[in-house]
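Please keep the structure open while I talk.

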Amino acid sequence: VILYVRLLARSFWVDEANTFWLARGGPLAALRKTWPWPGHSILFSIVSSVFCFDGNPYRDQILRIPGLCGLAAACYFLYRFAEDAIGRGAGWIAATLFLFSPMALQLGYQARPYGLVLAATAASCWTLFRWAATRDRRWLAWYVLSSALIPYLHYLFSLMFLAHAVFLFFEMVIC
């Protein structure tokens with residue numbers, strides 16, 4: 001907790017300042033400003049616009065709330081994934097190791113889409129695993145929904161679909 005509080009006390013980096021500029025003015029303004037920027041997530045700008053308060057002394061910390069919520073959601077999905085895949089008690093270990101991993105510490109608190117895309121990625125992995133185990137269409141629908149969020153939050157995380165393809169190849173052909 002102390003480590004995350006210290007990280008939250010930092011002011012914006014250049015790309016986080018860009019998030020503030022794009023999100024400032026509400027959802028419609030965020031959409032209008034983000035549309036011509038191909039490297040920035042339109043969905044994240046719209047979500048961030050709800051947390052963008054100009055003139056508030058805590059604006060930097062408030063704008064980091066979506067990323068922190070995404071980090072918490074990623075911990076939940078990793079917990080459920082580990083519990084289902086490995087067994088009882090593995091979820092706490094997986095979530096704790098993730099929460100204090102160097103990459104989560106570096107990216108999770110930023111006013112960037114990384115926390116939310118980590119949550120979408122963890123959810124898509126877990127729901128794909130659940131679908132493969134049960135073949136229930138509801139899990140497949142949740143997989144499609146969570147996977148659809150990934151490229152809308154951050155393009156580079158779409159590489160996760162290669163791992164999904166390998167997993168599905170293994171499940172369908174080899175097993």
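This is a predicted model: local features need pLDDT of at least 70, side-chain atom pairs count only at pLDDT 80 or more; totals for chains, interfaces and linings use all residues.

**Pockets, cores and cysteines**

The largest pocket has a lining made up of Gly-39, His-40, Ser-41, Ile-42, Leu-43, Arg-112, Pro-113, Pro-151, Tyr-152, Leu-153, His-154 and Tyr-155. Residues are numbered from 1 along each chain as its sequence is written, and side-chain values use heavy atoms, with hydrogens and water left out.

A pocket here, on a 1 Å grid over the protein atoms alone, is an open set of points where a 1.4 Å probe fits, with protein on both sides within 12 Å along at least five of seven lines, and lining residues have an atom within 4 Å of a point. The largest pocket holds about 180 Å³ of space, the volume being the space filled by probe spheres set on the points, which are joined across faces, edges and corners. Its lining takes at least two residues from each of α4 (42-49) and α10, with α10 giving the most, 3 residues; helices are DSSP runs of H or I, at least four residues, numbered from the N terminus.

The second largest pocket holds about 160 Å³, and its lining includes Phe-77, Ala-123, Thr-127 and Leu-153. Here α9 and α10 each supply at least two lining residues.

Which residues, then, make up the largest nonpolar core? They are Phe-77, Ala-122, Ala-123, Trp-126, Leu-128, Trp-131, Ala-132, Trp-139 and Tyr-143, 9 in all, where a core is a set of buried Ala, Val, Leu, Ile, Met, Phe, Trp, Tyr and Cys residues joined through side-chain atoms within 4.5 Å. The largest share of this core, 6 residues, comes from α9.

Finally, the cysteines: a search of the whole structure finds 0 disulfides, a disulfide being a pair of cysteine sulfur atoms within 2.5 Å. Cys-69 is partly exposed at 46% relative accessible area, whereas Cys-125 counts as buried at 18%, with buried meaning under 20%, exposed over 50% and partly exposed in between, for a 1.4 Å probe and protein chains only.
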